Amino acid sequence: MKRPSAFALVANQTRYEWRIFWRTPISAFFTIFFPLLIFVVFSLVFGNERIDYLGITTAQFYAPSLAVFSAVSATYTNISISTAYQRDEGILKRVRGTPLPAWIYFVGKILSSIAIAVIGTLIMIGVGIVFFGLQVYPETIPTLLVVFFVGVAAFAALGLLVAALAPSGPGATAIANATLLPLAFVSGVFIIPSEDMPTWLNAVANFFPLKHFVEPFVAAFSPAATRSSFSWLDLGYLVLWGVVSLILAIRSFRWEPPTGGGGGRSRRASAKSA
Amino acid sequence: MAVVTVANLTKRYGDSEAVAGIDFTIEEGEVFALLGPNGAGKTTTVEILEGYRDRTAGDVDVLGYDPAGNARAFKEQIGVVLQESSVERDLTVREAIDTYGRVYPKRLVTGDLIDIVGLGEKADARVKTLSGGQKRRLEVALGIVGDPDLIFLDEPTTGFDPSARRQAWEMISNLSTLGKTILLTTHYMDEAQNLADRVAVINNGLIVAEGTPDTLGGRETAHTTIRFSLAEASIGDLPLAPTLVEGPVVEYRTDEPTAVLHTLTGWAVGRRVALEGLTVARPSLEDVYLELTDGEER
């Protein structure tokens, strides 16, 4: 009688989360297809012209920025919503009744969502290269990889935190979307904020991690980019957000449905009052 | 050997006492039922034994562990079927069993398990296409996939139609023949009667009776009730004084039903009168249960 190894358990959990994701068409649509659609539409609507003040083409900006949006959807949005729904349905409670260590459960979720983020990003970049003349500069690839994996890990942790704090599945959906979309606008994902953006709004953008993910990632696609354009400050800030989110998520994580599990308590209350 | 030992178990939520000091033991291989109305404290008790809840006071030993420690080795030896939960809708039956099975050191073969719970035809169907009864049987499969020594079944057939319930009972009996120890909660008397070796009736957080389904609440020693109707004019002539007379209805409560019945029927035949609607009854488990729980649910 031998306990399964941690590696086998992580693989099992990752495959499980991966499978569930692809079998939920709505999540696959919003994570992979929707950002791609925006990319194609923007590139066609704006024309793939050189944007004067950036010195690059439309695709050269939108392919990486929307790749980040896709990666954040795959991690932050996906983890927060799916985990909260699994809690509502009592699935987390069942998992808690098995010998599976909690950390392996979390790692499986994070790895699966990162794998999905990789797929979404590769598709976006691939479509950019094939159809919109996107240029990738080989000397910036190490920077891209570091920024990407630190970014998605941080947003996966943040997704776990939202799942931990959200009251329910619909609540998590509302929180995830109501935070990501406005933030994407002020953080330079859909548009480059104008120089006249109010200072306080700029401060908001600087406080949250999205800008620190998308800016260095987009910068690495600029013709002017070199390996030295690597930003330790942005990277450190993402790590900080990730670590703090993970700690808070683990400390506040709940495994049982909002009613306290099984409805025993609420039923008892009504029986007493009857 | 006792698999579960509970002594003076108490659980308080604020001012209310969900479990108010209960004691019981479950022996190896036994099917033990906690029978009680909704809100009696059944689920709270079971969830303490499963490691989901802390207790306020009392001693609990499950398979040599204190469940509050949530040790991995403890979880490897128990099987939990929760009262309200669901299985991932988009997995197939086989995938769900494989996924959950892989976390245990020993596990039942997926194909065998699918047969045990009677889902052979649905093995490759998505969970969302299963009926309520089939889903519940899948949940039982997930609870026992790790080949546990002790199985917790929290209201396994609530909401079932009669045929689904029969199938579930058959499955649970099969588990019992495999030598598993089972702790079952239910608010159905017939379920406890059919499945359990021993029953504890729990009400308002207290165990109010404990025994085999046949002896519960002193059933085996309780008075037998003999009842019939007779023309009121003849009642005064009866050879034995009735316990109760209500209009034409006559009732005897006796510990010697054979002799009483012999006297009464002999008298009736001799007089050529009929004992209309004659019944001889011992209290059913339901009578005992309702008396013990005082119709608390209503």
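Modeller: Let's begin with pLDDT, which is the predictor's confidence in each residue, on a scale from 0 to 100. You will need it because this is a predicted model, in which local features need pLDDT of at least 70, side-chain atom pairs count only at pLDDT 80 or more, and totals for chains, interfaces and linings use all residues; side-chain values use heavy atoms, with hydrogens and water left out. Residues are numbered from 1 along each chain as its sequence is written, while chains are lettered from A and ligands numbered from 1 in the order in which they are written.

Chain B has a mean pLDDT of 89, with 98% of its residues at 70 or more. Its confidence is highest in helix α3 (residues 93–101), at 96, and lowest in helix α10 (residues 285–293), at a mean of 76. (Helices are DSSP runs of H or I, at least four residues long, and strands are runs of E, at least two; both are numbered from the N terminus.) For chain A the mean is 88, and 91% of the residues reach 70 or more. One stretch asks for care: over residues 260–274 of chain A, pLDDT stays under 50. The model has 26 contacts for that stretch beyond four places in sequence, where contact means heavy atoms within 4.5 Å.

Now for the part you asked about. On the chain B side, 38 residues are in contact with 34 residues of chain A. The area buried between chain B and chain A is about 3700 Å², and carbon and sulfur atoms give 51% of it. (Buried area is the accessible area, found with a 1.4 Å probe, that two parts lose on being put together, summed over both.) Tyr52(B), Arg72(B) and Val103(B) supply 17% of the area that chain B buries against chain A, more than any other three residues.

In one salt bridge, the side chains of Arg3(A) and Glu76(B) meet at 2.7 Å, N to O.

Which elements of chain B touch chain A? At least two residues each come from β2 (16–27), α1 (42–50), α2 (72–77), α3 and α5 (132–144) of chain B. The largest share, four residues, comes from α2(B). By class, this side of chain B has 13 nonpolar, 10 polar and 15 charged residues. (Ala, Val, Leu, Ile, Met, Phe, Trp, Tyr, Cys and Pro count as nonpolar, Asp, Glu, Lys and Arg as charged, and the others, Gly among them, as polar.)

Let's step back to the whole structure, which has 24 salt bridges over all chains. In chain A, Glu17(A) forms one with Lys109(A), their closest N and O atoms lying 3.2 Å apart. Glu17(A) lies in helix α1 (residues 6–22) and Lys109(A) in helix α5 of chain A, so the pair ties together parts that are 92 residues apart in sequence. Both Glu17(A) and Lys109(A) are buried. (Buried means under 20% relative accessible area, exposed over 50%, and partly exposed in between, with a 1.4 Å probe and protein chains only.)

In chain B, the side chains of Glu155(B) and Lys42(B) meet in a salt bridge at 3.5 Å, N to O. Because Glu155(B) sits in the loop between β6 (150–154) and α6 and Lys42(B) in helix α1 of chain B, this pair links parts 113 residues apart in sequence. Glu155(B) and Lys42(B) are both buried. Asp98(B) and Arg107(B) form another salt bridge, at 3.1 Å, N to O. Asp98(B) counts as buried because its relative accessibility is 18%, whereas Arg107(B), at 34%, counts as partly exposed. Shared partners also join Lys93(A), Glu256(A), Glu47(B) and Arg53(B) into one salt-bridge network.

Technical notes: A salt bridge is a side-chain nitrogen of Lys or Arg within 4 Å of a carboxyl oxygen of Asp or Glu.
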